[in-house]
Amino acid sequence: MQVNTRFISKAFLFSLSIIVILSSTTYSQQNKNLNQIKSTTYLSEKFELGPGEVLAKGIEDIEFPSGHIGVKSFDVDLVDEQGNSVPLYETYIHHWFAIRYHLNKDKNMSHDIYDHSKPFGGPDYKRNDGTCNTWILPHYWGLGSESRGTSSKLPDPFAVELGNPTNITEGWEEKWLFSIMVIDTRGTEDRKSCSECRCDQFNLPENFYNETKDIHGKPLSHEYKGGIFCCQNYFQCKLKNGFQAPYRKLALRYTITWIDWDQHQIPVRFYVLDSTDRVIINGSEVIHDCQAEYTIPENNSIDLVHVQKASIPMKKGGYLIYGTAHMHTGVVNATLYGQDGRILCTSTPRYGTGNEAGNEKGYVVGMSVCYPKLGSIKINDGETVIMESRYKNEFLTGAMGHMYFYLADRLPHTT
């Protein structure tokens, strides 16, 4: 199957190729506890990286629990061939996103957008409930370097409802793919700048700026100093003179917990808000223009913190069940405010202090999670919220300020 590469490039801004996941590349182990919550651990297709290389790609048709279910958590780690967690100072996890799509099962249908000899049978991508424009940040789960230290668990009885047959067109099926970016920083001249996708640290192709399109499909500005466009698939970060190390095979190990759906579960909606969203209100129409990333310029300001924020109208609200943020090294915190200025959620980083995977010194290894007391925080329909990301006020490229949260329409009955 050929995935719509236009969607990949704009939706994830960096996934420039898709490789079909192989059924022989995964393993699983399944347990079932007394309260009927199930857990399965999978291993993705393996991918190979050498020193200084970037891998930015999609892995489609990943293994995923089947049936009408409610997902409680989705956790990801980057591992080597022996199953060991790979430390961030060797291979930096820029991000992984899990994307949902529907596909027609009829073999007479085409899954190639360029094949007009047959009716098109997908993929039909199903984005989250966030407010970004169609192609941007469509995922249901996704983090980066903070993956190992950030909880994704939803409290009972809330869950992400998936596989509901009434929401899937007859003859179609629900599938998932990973969009990932990892950077092998072994032996690089400047490990930190490589992980920030600083353009001057990469051996860019000839005519890179003239041939690369920005988020709006225009030639990339020569003022673009760094970010996802300088970290395309198999781009090479500059190495120290004479450094050599072998290629190695890595994979994503991911664990999903879920429960079979029944009347006792309460569905939640997943939102991603972006602090770079340039909202335009034209009468009753709200136009979103998420940039997904931004640069903190070099400056001589006495301000210690750089603030990026967006005011974002929420068409539909609900009770806040969970909240966290996806940010990069240098982050101070991220906060979601209500229209009246009340704090809905603040997510703060945990920086590593050691050498072991999950505690790498100087890296963001976790973001705090908001679990409000049930019913205590509610976003109203039509309310304008403020998404604010705060970083140290020093030169940084490819900064991201994404707030993730789940809303529910109702609360569990109490007696």
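**Exercise 1.** Is His326 buried or exposed?

*Solution.* Before starting, note that this is a predicted model, where local features need pLDDT of at least 70, side-chain atom pairs count only at pLDDT 80 or more, and totals for chains, interfaces and linings use all residues. Residues are numbered from 1 along each chain as its sequence is written, and side-chain values use heavy atoms, leaving out hydrogens and water.

Step 1: the relative accessible area of His326 is 0%, so His326 is buried. Buried means under 20% relative accessible area, with a 1.4 Å probe and protein chains only.

Step 2: find His326 in strand β18, residues 318-326. Strands are DSSP runs of E with at least two residues, helices are runs of H or I with at least four, and both are numbered from the N terminus.

**Exercise 2.** Work out how Cys345 and Cys370 are linked.

*Solution.* Step 1: their sulfur atoms are 2.1 Å apart, and the two form a disulfide. The cut-off for a disulfide is a pair of cysteine sulfur atoms within 2.5 Å.

Step 1: the link of Cys345 and Cys370 is right-handed, with 90 degrees about the S-S bond. Because Cys345 lies in strand β20 (residues 343-347) and Cys370 in the loop between β22 (364-367) and β23 (378-379), the pair ties together parts 25 residues apart in sequence.

Step 2: Cys345 and Cys370 are both buried.

**Exercise 3.** Find how many disulfides there are by this rule.

*Solution.* The count comes to five disulfides. Counting bonded cysteines along the chain, their pattern is 1-8, 2-7, 3-6, 4-5, 9-10.

Methods
Buried means under 20% relative accessible area, exposed over 50%, partly exposed in between (1.4 Å probe, protein chains only).
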